[in-house]
Number of protein chains: 2
Amino acid sequence: MVIDKRDMENQEYNKELELNAENIKAQMRKGVLEYCILSILRKGDSYVSPLISELKAAKMIVVEGTLYPLLARQKNQGLLSYRWEESPSGPPRKYYSLTEKGHKALEVMDEAWSEVVKTVDYIKTGLENR
Amino acid sequence: MVIDKRDMENQEYNKELELNAENIKAQMRKGVLEYCILSILRKGDSYVSPLISELKAAKMIVVEGTLYPLLARQKNQGLLSYRWEESPSGPPRKYYSLTEKGHKALEVMDEAWSEVVKTVDYIKTGLENR
DNA sequence: TTTGGTACTTTGTACAACAAGGTAGTATTT
DNA sequence: AAATACTACCTTGTTGTACAAAGTACCAAA
């Protein structure tokens, strides 16, 4: 067994990275965001500001710079459509709604999400609960 | 309400992106991977090949190129340590184990994960179940 | 007409996952 | 003993996503 060559510690950064719950949650939320957006829109059409508010209320913080590109992506995938509506005060609002394709995608995601939850549980316990 | 300038459809890609369950699940798994690795190691020390197998068995597919940098990261954060062990057949194996810091991080992640699950449920239902 | 608020958009950066290829030690076959 | 196969570890370059920050545009009220 010859190890020495391999065992040369590759740069001990060890940057005392915060072991902070918020950071870790932020990591986990990634990838679930799309699902959340569609889930909210399932309950009714909306535009960016109230979307952010609702996500914030659910402790799933996002910012405009995240949401706009994401909505554009989902629109380009045909999951969303939008219409302009006048605002009682301020510039017009871009209301997004789920398309039929979006509804179908959402159903797939419902399934995917519950599978991921089941998978994590499986990995944690190692038991055959699936 | 002047809309025309804004409403110029920005590149209608609409690339018939697979509405495939695997893709969506892959997206959702991101960010949960670190948690899964630590969870597996909590059950006992291991090295890359069996880690990949266990993840694959749980339908959480990853490849070597993903896992090695991830483990290196977690080691540099002080969450993991490793030791070399001879193999009954083949090159030596790098066994990873949770450090004390890793155990603490894992507890934080346990909490974080269940919060994310609760959050998604909250967003889906919109009810006050938290 | 200027100020402030709301809303939408873009640009640049950081980081994570992946694909693909590379290095190295051990065992087996010829 | 040379070649082959297998296992295991590691690196590089690409892509995609979230974010920070700055920018554009419309509207209302002082």
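# Questions on a protein–DNA model

Student: In which helix of chain B does Trp113(B) lie?

Tutor: Residues 100–125 of chain B form the helix that holds Trp113(B). Helices are DSSP runs (H or I) of at least four residues and strands are DSSP runs (E) of at least two, numbered from the N terminus. This is a predicted model, in which local features need pLDDT of at least 70, side-chain atom pairs count only at pLDDT 80 or more, and totals for chains, interfaces and linings use all residues, while side-chain values use heavy atoms, with hydrogens and water left out. Residues are numbered from 1 along each chain as its sequence is written, chains are lettered from A and ligands numbered from 1 in the order written, and the helix that holds Trp113(B) is helix 6.

Student: Is Trp113(B) buried or exposed?

Tutor: Residues of chain A that touch Trp113(B) include Met28(A), Trp113(A) and Val116(A), and Val32(B) and Tyr35(B) of chain B also do so; contact means heavy atoms within 4.5 Å. The terms for accessibility are buried (under 20% relative accessible area), exposed (over 50%) and partly exposed in between, with a 1.4 Å probe and protein chains only. Because its relative accessible area is 5%, Trp113(B) is buried.

Student: How many residues of helix 3 of chain B are buried?

Tutor: The buried residues of this helix include Leu33(B), Glu34(B) and Tyr35(B). After helix 3 of chain B comes Gly44(B), with a positive phi near 155°. The helix is mostly covered, and of its 10 residues the number buried is 9.

Student: What is the relative accessibility of Lys59(A)?

Tutor: Lys59(A) belongs to the loop between helix 3 (48–57) and helix 4 (64–76) of chain A. Its phi is positive, near 65°, although the residue is not glycine; Lys59(B) likewise has a positive phi of about 65°. Lys59(A) counts as exposed, because its relative accessibility is 51%.

Student: What is the volume of the largest pocket?

Tutor: A pocket is found on a 1 Å grid over the protein atoms alone, as an open set of points where a 1.4 Å probe fits, with protein on both sides within 12 Å along at least five of seven lines; lining residues have an atom within 4 Å of a point. Its 26 lining residues include Lys30(A) and Gly31(B), which are among those nearest the centre. Grid points are joined across faces, edges and corners, and the volume is the space filled by probe spheres set on them. For the largest pocket, the volume is about 580 Å³.

Student: Which element gives the largest share of the surface near DNA strand C?

Tutor: A residue is near a strand if one of its heavy atoms lies within 4 Å of it, and 30 residues surround DNA strand C, with Tyr47(A) and Thr66(B) among the closest. Sugar and phosphate account for 70% of the atoms of DNA strand C that come within 4 Å of the protein. The largest share, 4 residues, comes from helix 5 of chain B.

How values were computed. Lists of a residue's contacts leave out its neighbours within four places in sequence.
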